[in-house]
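Subject: Handover of a structure and the findings on it

Dear colleague,

Please find the structure below.

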Amino acid sequence: MSETEIIPAEKLLSNKLTILPIMGHPVFPGIFSPLMINNPNDVKAVEEAFNGDSLIGVIMVKDESDEPTAEDLYSVGTVARIIKKINLPEGGVNIFISTIKRFKIKKYISVQSPIVAIVEYLDDDESGNKNEIRALTRALISEMKEVSENNPLFSEEMRLNMVNIDHPGKIADFITSILNIEKDEQQRILETLNVRKRMENVLVFIKKEQELLRIQKRIQTDLNEKIENNQRKYFLREELKSIKEELGEFTDAKSSDYQKFADKIASFNFTGEIKETVERELEKFQLMDPESSEYIVSRNYLETITLLPWNSENNEYYSIDKAKKILDADHYGLDDVKKRLLEFLAVRKVRGDNKGAIILLVGPPGVGKTSIGKAVAKSMNKPFFRFSVGGLRDEAEIKGHRRTYVGALPGKIIQGLKITKSNSPVFLIDEIDKMGESHQGDPASALLEVLDPEQNVSFRDQYLDLPFDISNVLFILTANTLDSVPEPLLDRAEIISLSGYIDQEKIEIAKNYLIPKSIIKNGLKKSQVKFDKKALDLIVTSYARESGVRNLEKCIDKINRKYCTELLTRSELENNPEILQEKITITPAEVLKYLSKPIFNEDEILAADKIGTAIGLAWTSMGGDTLLIESIAYEGKGGFVLTGKLGDVMKESANIAMSWVKKYAIKNGLKKKDWFEKNTIHLHFPEGATPKDGPSAGITIVTSLISLLRGKTIKKHFAMTGELSLTGKVLPIGGLREKTVAAKRNKITDIIIPKANERDLEEIPDLVKKGLKFHPVSNIEEVLALVF
């Protein structure tokens with residue numbers, strides 16, 4: 001029986017191989033590897049090889065190509081046995097191959113797919129010092145072990161395979177196949193037959209991999225340090241969120257805000273432009289990072305929209321009787337003003353018209369314009385909002401700032417609606433006569449849109465940039481004078497004038513309103529302090545002669561404050577708390593004690609008791625006032641001198657009066673013509689620092705000049721007001737009530753007025769007219785007949 005000889009598998013390899021081109025990386029001998037084949041020609045080649053001897057030559061393509069030819073292939077590859085083939089539903093196959101040995105192409109039999117070639121098998125060149133090769137083998141395994149431990153991509157199976165391979169060349173091949181190096185470098189290793197040189201090249205690649213791992217580790221460490229605090233904060237926030245969820249609180253401020261805004265906006269049932277704009281802003285807000293600078297801008301905008309009273313309208317439930325009681329409770333006198341307001345409310349109620357209106361209250365300071373506005377709101381059961389435009393120079397305060405500006409805010413109108421939570425409140429706009437104008441715009445023009453009934457149904461604030469209906473707002477404006485109020489504003493408003501108070505009214509106001517309020521304000525009890533009538537009369541005539549009652553209130557406050565301080569000082573010195581409860585009746589003596597010397601003395605009341613003097617009546621933004629006019633004559637070259645800081649209108653009145661007086665004096669023989677050529681007449685209006693202007697001083701100037709020329713004083717307690725024409729007619733004037741109040745305050749008994757103003761006497765309360773005698777005149781001769 002013959003002895004059987006075992007032949008190694010590589011000895012039985014065929015020199016003719018079907019070539020399988022592969023992309024990516026070359027396949028090294030001694031490795032079990034899967035391959036996926038999709039090219040139909042390659043699939044056919046695999047089928048033929050699998051059905052034959054199962055051998056196939058695997059060669060890498062130089063440059064990727066869909067249909068590679070022999071020219072596209074490297075010359076060295078690896079022969080492999082197909083262990084298993086799995087057909088894929090898409091038409092391709094998966095094969096598992098066991099690589100055996102290197103080969104080199106000697107000749108191509110077929111250069112097109114399927115490529116067939118005659119090959120020569122290559123053996124490893126193991127020449128060289130065995131110990132060096134063994135040392136290189138250990139170095140490779142040791143260095144690669146370090147790489148594999150620091151790289152999670154290397155599995156335990158790879159590590160075991162590396163240790164179990166005993167051939168130095170195969171160890172180099174295996175390590176090359178798992179290193180992340182370029183395919184050209186791997187192909188170069190495949191083509192290197194000298195084992196020592198191959199191992200040295202692989203060792204260089206391992207060192208490069210180690211350096212990359214060190215860099216990667218350093219980067220990772222730096223990153224970990226940077227994100228460690230963020231991670232810690234994140235986990236703490238998550239923990240806090242869990243705690244808040246347990247407590248039933250909102251966990252995300254942004255989500256909470258978004259939901260709150262979305263719910264509120266949905267309840268408004270917006271349509272058209274408003275709906276589109278708000279929904280777009282809400283969507284933008286949802287996508288914003290809370291840390292971005294735009295986030296708070298968008299949030300403030302949405303919050304403003306949701307806080308506005310888009311649908312809220314206060315139904316007006318009020319009675320005229322109740323409104324009258326409220327006005328009477330808060331204000332003494334002002335009967336004509338109250339009557340006008342009650343007429344306004346009555347018409348509004350009968351018509352059932354809830355649309356807003358515009359009332360302009362005009363009067364000197366301290367007469368109760370602002371408090372009347374509050375009383376109107378109270379009587380109509382409406383919210384009240386007040387803001388002042390005195391000194392305002394920026395129209396953005398009315399119409400808002402554009403949202404492009406940092407710190408932009410809506411205007412006062414939108415702010416007021418947000419505060420009152422009603423779209424039909426009462427708005428009081430104070431001091432509209434004191435608005436300014438600058439490069440930032442004209443606030444008065446901005447107010448025109450607000451107050452125009454045709455425009456304010458879709459008022460557009462620059463911050464909001466959405467139409468808002470403010471036509472239901474009742475606007476009450478206040479001013480001290482109409483001279484500086486723009487004409488278009490006056491056209492839109494119903495004007496109600498408030499003249500100053502006379503002495504009797506001031507005393508009643510003090511007794512009923514100011515004294516009780518002041519006593520409480522200064523820490524005293526109502527029963528502790530009483531003012532007798534003479535004391536109040538002294539305060540009104542000697543310390544507080546202005547049209548309003550602010551100075552009167554200050555004087556009463558000062559008395560109560562000083563009395564309180566006096567009680568406390570005595571109580572502490574004597575250590576007796578009961579002193580704090582002592583009562584006092586304020587008499588004229590106490591008034592002089594606590595208020596010092598009177599500001600106005602009885603002697604200072606104007607009197608035309610000298611030749612060349614006459615008393616006129618004037619109207620200012622502070623109310624009515626009396627005006628003493630003085631004139632003298634002295635030798636000179638003739639002429640007419642005017643002093644007293646007079647305006648252009650008053651200068652013209654003085655020149656007209658002088659022309660009429662010259663004609664009258666020469667005609668009636670008071671003076672000859674040459675007297676005016678040889679004498680200079682000087683006309684002066686005292687209080688030279690105070691500007692004076694207006695068209696109502698004509699007859700007073702004539703009276704002063706005629707008194708000078710006649711050398712005779714006028715009758716006592718006479719005052720006058722009226723403009724003069726060149727022909728001697730007395731022309732009508734304005735502000736008669738205020739002038740009458742001023743005359744009564746200055747102990748005047750007879751007032752000369754133009755006949756055309758006789759109708760205005762009906763509007764003056766009987767209380768004011770009591771004790772006064774009015775003399776209507778139509779020409780200057782009648783005036784002279786009355787006063788001389």
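Asp-124 is partly exposed, with a relative accessible area of 27%; the class of partly exposed residues lies between buried (under 20% relative accessible area) and exposed (over 50%), with a 1.4 Å probe and protein chains only. The accessible areas come from the Shrake-Rupley method, and for residues only the protein chains shown count as cover.

As to the origin of these values, the model is predicted: local features need pLDDT of at least 70, side-chain atom pairs count only at pLDDT 80 or more, and totals for chains, interfaces and linings use all residues. Residues are numbered from 1 along each chain as its sequence is written, and side-chain values use heavy atoms, with hydrogens and water left out.

Salt bridges

The side chain of Asp-124 forms a salt bridge with that of Arg-198, at 2.7 Å from N to O; the term denotes a side-chain nitrogen of Lys or Arg within 4 Å of a carboxyl oxygen of Asp or Glu. This pair links distant parts of the chain, 74 residues apart: Arg-198 belongs to helix 6 (residues 195-247), whereas Asp-124 is in the loop between strand 6 (115-122) and helix 2 (130-150). Helices (H or I, at least four residues) and strands (E, at least two) are DSSP runs, numbered from the N terminus. Arg-198 has 0% relative accessibility and therefore counts as buried.

A second salt bridge joins Lys-593 and Glu-566, at 3.2 Å from N to O. Because Lys-593 lies in helix 20 (residues 588-595) and Glu-566 in helix 19 (residues 550-574), the pair ties together parts that are 27 residues apart in sequence. Glu-566 is partly exposed, with a relative accessible area of 26%.

Salt bridges with shared partners also connect Arg-102, Asp-124, Asp-173 and Arg-198 in one network. Across the whole structure, the search finds 31 salt bridges.

Between Lys-434 and Glu-431, the salt bridge spans 2.9 Å from N to O. Lys-434 is partly exposed at 37% relative accessibility, and Glu-431 is partly exposed at 26%.

Helix 15

Helix 15 (residues 443-451) is mostly covered, with seven of its nine residues buried. Among them are Pro-443, Leu-447 and the acidic residue Glu-449.

Surface charge

Arg-710, Lys-712, Lys-715 and Lys-773 form a patch of positive charge on the surface. Patch members have over 30% relative accessible area and no salt bridge, and like charges are joined within 9 Å. Lys-773 is located in strand 24 (residues 773-777).

Yours sincerely

Methods:
Patches are made of residues with over 30% relative accessible area and no salt bridge: like charges are joined within 9 Å, nonpolar side chains (Val, Leu, Ile, Met, Phe, Trp, Tyr) within 5 Å. Accessible areas come from the Shrake-Rupley method with a 1.4 Å probe; for residues, only the protein chains shown count as cover. The place of a charge is taken as NZ of Lys, CZ of Arg, CG of Asp or CD of Glu.
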